[in-house]
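Dear colleague,

I am handing over the structure below, and would ask you to look through it before reading my notes. What I found follows after it.

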Amino acid sequence: MTEEKARKIRLIYAICLGVFTLIVGLLFIVQAALIYDTGTSPDHTGDIYSPAIVAERFRPISVPVYLWIAAVIAGFILWAVLPAVKTTYPRPSAKETLQRLSRRVPQQGEGEPFRKMRKEELSRKIVWGVCAAVCLLAAGMSAGYLFQPSHFPSNDLNAEIIAMLRNVLPWVGAAFACCIAAAVYDGISAKRELSHVKKLLSGGGKTGSVQTRSALAFPKWSLTAIRLWVLAVGVTFIVLGVLNDGMHDVLIKAINICTECIGLG
């Protein structure tokens, strides 16, 4: 079996195992939520996560869990039978090759390959600009809700959390989806531009010391902005949790889980 075919088999198996892992994780989350909602203690202070209740809720999802464990073991066997071949000189990505060859392309030119190359470059700028605008809009809408004290009266914590997720989570999900879509399009566009650059250079494009186009650095700037935005959102949630006495609620729930489920008490 060739290394290319083995690599495809490993990739397909990894994707399937990842999806299966998400499904099993969701099953655990659903069962844990059902235990909490239909516990033996109405005020959620009694023996909610008892071994008997946990075993009863685990029984319906035991088959998928055991199949997942078997899939993980099969993955170790697959990687042992079809190990990845380590190469001393890894194949450069399309973005790296494009960045290297773009130094040989003049700033001004003519011809169909040059126009298509500029078109791909402009399209990536537009896509990342739209992505940045969506992220800023999502951050503004989320901050507008989170910094409104009337949304957190501290009377019903669960209702406040559900309302917060209903109003904030769609914006956060839209921002992440937009970033993922922009990153995918950036890679596809880079591959298309690379083909145009190769045609331009093979067709007599001038070589020499030409300033590198700045379009390739634009995604790096956008990635930094996205990381800073995610960091700001995380810090905001932590501060809001401290201000709303969320640390105390988390501590109480942790104590209940340790004393009821694990049995440290």
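At roughly what angle do the axes of helix H1 (residues 3–37) and H3 cross? They cross at roughly 155° and come within 10 Å, where axes are lines fitted to C-alpha atoms, for helices over the stretch in contact, and angles run from 0 to 180 degrees between N-to-C directions.

Before going further, please note that this is a predicted model, in which local features need pLDDT of at least 70 and side-chain atom pairs count only at pLDDT 80 or more, while totals for chains, interfaces and linings use all residues. Residues are numbered from 1 along each chain as its sequence is written, and side-chain values use heavy atoms, with hydrogens and water left out.

On confidence, the chain averages a pLDDT of 76, and 74% of the residues score at least 70; pLDDT is the predictor's confidence in each residue, from 0 to 100. The mean is highest in helix H3 (residues 62–81), at 89, and lowest in helix H4 (residues 94–101), at 69. Over residues 204–218 the pLDDT falls below 50, and this stretch has 30 contacts in the model beyond near neighbours in sequence, a contact meaning heavy atoms within 4.5 Å.

As for the overall make-up, the chain has 8 helices and 0 strands, counting DSSP runs numbered from the N terminus (helices are H or I with at least four residues, strands E with at least two). Of its 265 residues, 25% count as buried, which is to say under 20% relative accessible area, with exposed meaning over 50% and partly exposed in between (1.4 Å probe, protein chains only). Among contacts between residues at least 6 apart in sequence, 76% join residues at least 24 apart.

The residues in contact include Tyr-13, Leu-17 and Phe-20 of H1 and Trp-68, Val-72 and Trp-79 of H3. By class, this contact has 17 nonpolar, 2 polar and 1 charged residues, where Ala, Val, Leu, Ile, Met, Phe, Trp, Tyr, Cys and Pro count as nonpolar, Asp, Glu, Lys and Arg as charged, and the others, Gly among them, as polar.

H1 also meets helix H2 (residues 51–58), their axes coming within 10 Å and crossing at roughly 135°, so that the two are oblique to each other, and the crossing is right-handed. Here Phe-28, Gln-31, Leu-34 and Ile-35 in H1 meet Ile-53, Val-54, Arg-57 and Phe-58 in H2, a set that divides into 6 nonpolar, 1 polar and 1 charged.

Pro-60, in the loop between H2 and H3, is exposed, with a relative accessible area of 58%, and its C-alpha lies 9.6 Å from that of Leu-27, 33 residues apart in sequence. Ser-123, in helix H5 (residues 112–146), is buried at 17% relative accessible area and touches Tyr-185 and Ser-189, not counting residues up to four places away in sequence. Leu-240, in helix H7 (residues 218–243), is buried at 12%; Leu-240 and Phe-147 are 93 residues apart in sequence and 8.3 Å apart in space, C-alpha to C-alpha.

With kind regards

Notes
Parallel < 35°, antiparallel > 145°, perpendicular 65-115°, else oblique. Left-handed = near helix turned anticlockwise from the far one by under 90°.
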